[in-house]
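Dear colleague,

I am handing over the structure below and would be glad if you could look through it alongside these notes.

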Amino acid sequence: MTQTVTLRRPDDWHLHLRDGAMLRAVLPETTRHFARAIIMPNLVPPVVTGADAAAYRDRITAAVPEGAAFEPLMTLYLTEATDADDVARAHADGLIHAVKLYPAGATTNSASGVRDFDIVRPVLERMAEIGLPLCVHGEVTDSDIDIFDREAVFIDRVLDPLRRDTPGLKVVMEHITTSNGVDYAKSAENIGATITTHHLVINRNHILVGGIKPHYYCLPVAKREEHRRALRAAATSGDATFFLGTDSAPHTDANKETACGCAGCFTATNTMQILAQVFDEDGALDRLEAFTSLNGPAFYGLPLNEDRITLTKGNAATWPDKIDTEDGPVTVFDPGRPIHWHVSD
Ligand code: DOR
Ligand code: ZN
């Protein structure tokens with residue numbers, strides 16, 4: 001018997017599109033299935049001002065393939081020089097939907113991020129006033145904190161104090177990777193949490209056992225199996241706190257397969273197929289739509305998509321191993337087992 005599921009068209013609440021040739025090559029992979037995406041601002045140089053965001057939005061819109069309908073939801077990159085008035089204007093104009101906080105040095109292109117949280121407090125207070133969410137890359141950067149502990153330590157040392165100091169601030173804990181992240185998100189008010197596709201599928205063994213697998217390396221790095229299970233339980237629970245943010249992050253193979261490889265998994269191409277299988281395995285197909293299409297818009301105060309997509313279970317699905325770009329190939333995430341779900345647009 002054929003199994004099918006019809007969903008409101010999904011959105012991706014955390015996406016890296018880059019710019020130029022890379023943008024043109026990877027954008028169709030997202031627009032094939034997704035109606036909207038929160039666009040990460042960590043370009044070089046970063047998207048800091050409303051004017052930067054408007055120009056980047058126009059470059060994205062110009063790259064949307066013929067016939068696709070896609071709305072980029074822009075964000076600003078929070079720096080210690082960010083101007084609260086500029087942020088408020090960009091929000092009032094409907095241009096931006098969030099501001100992204102990268103602790104300086106935490107990940108790819110985060111050098112312009114925040115070192116001293118006191119300096120950005122006025123911006124955060126203004127955001128709380130106007131209801132503009134802060135998307136947080138939740139890892140401390142202290143060299144003495146083990147990389148596998150950086151999310152849990154961030155919650156205690158940075159996130160919880162920051163939220164207490166800025167009552168009413170809406171926060172998205174981006175790409176949570178631990179049961180600590182799940183528990184904190186559940187326990188608090190005004191919090192959403194995105195979960196990636198790859199963190200539902202891999203644990204740290206997948207990166208390290210039997211040789212280093214650079215295409216499974218991302219930040220925050222995948223943790224122990226018990227954490228992956230906690231993420232699966234959260235994502236498939238239907239709890240409105242949790243929604244899909246793929247963190248699909250293209251890097252060329254040359255930049256991944258090297259002595260100091262970049263962080264990022266590229267999942268735009270096969271996210272929906274993999275998620276359907278994950279939710280099917282967990283007996284939660286009836287909650288997939290909440291995760292991909294309902295909880296995110298509710299958190300961001302945006303309308304639901306009216307369009308639908310249909311997922312069908314059948315033979316093993318196929319997709320290209322790599323996406324060709326003018327900068328070189330980008331490897332598509334390998335879920336490590338056959339995926340039997342297909343998306344028909
Ligand atoms: O793995 C990651 N890649 N994590 C991030 O936080 C940034 C991203 C990127 O931009 O490549
Ligand atoms: Zn990201």
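A residue is called buried when its relative accessible area is under 20%, exposed when it is over 50%, and partly exposed in between, using a 1.4 Å probe and protein chains only. This is a predicted model, in which local features need pLDDT of at least 70 and side-chain atom pairs count only at pLDDT 80 or more, while totals for chains, interfaces and linings use all residues. Residues are numbered from 1 along each chain as its sequence is written, chains are lettered from A and ligands numbered from 1 in the order in which they are written, and side-chain values use heavy atoms, with hydrogens and water left out.

Helices (DSSP runs of H or I, at least four residues) and strands (E, at least two) are numbered from the N terminus. E129 lies in helix α4, residues 121–130, and it counts as exposed because its relative accessibility is 63%. Its C-alpha atom is 10.0 Å from that of K170, 41 residues away along the chain.

Helix α5 (residues 150–165) bends by about 35° at D156, where the bend is the angle between axes fitted to the seven residues ending there and the seven starting there. Its buried residues, including V153, F154 and I155, pack against β5, α4, β6, β7, α6 and β8, contact meaning heavy atoms within 4.5 Å.

Helix α11 (residues 271–281) is mostly covered, with 9 of its 11 residues buried, among them M272, I274 and F279. G283, which follows α11, has a positive phi near 65°.

Best wishes
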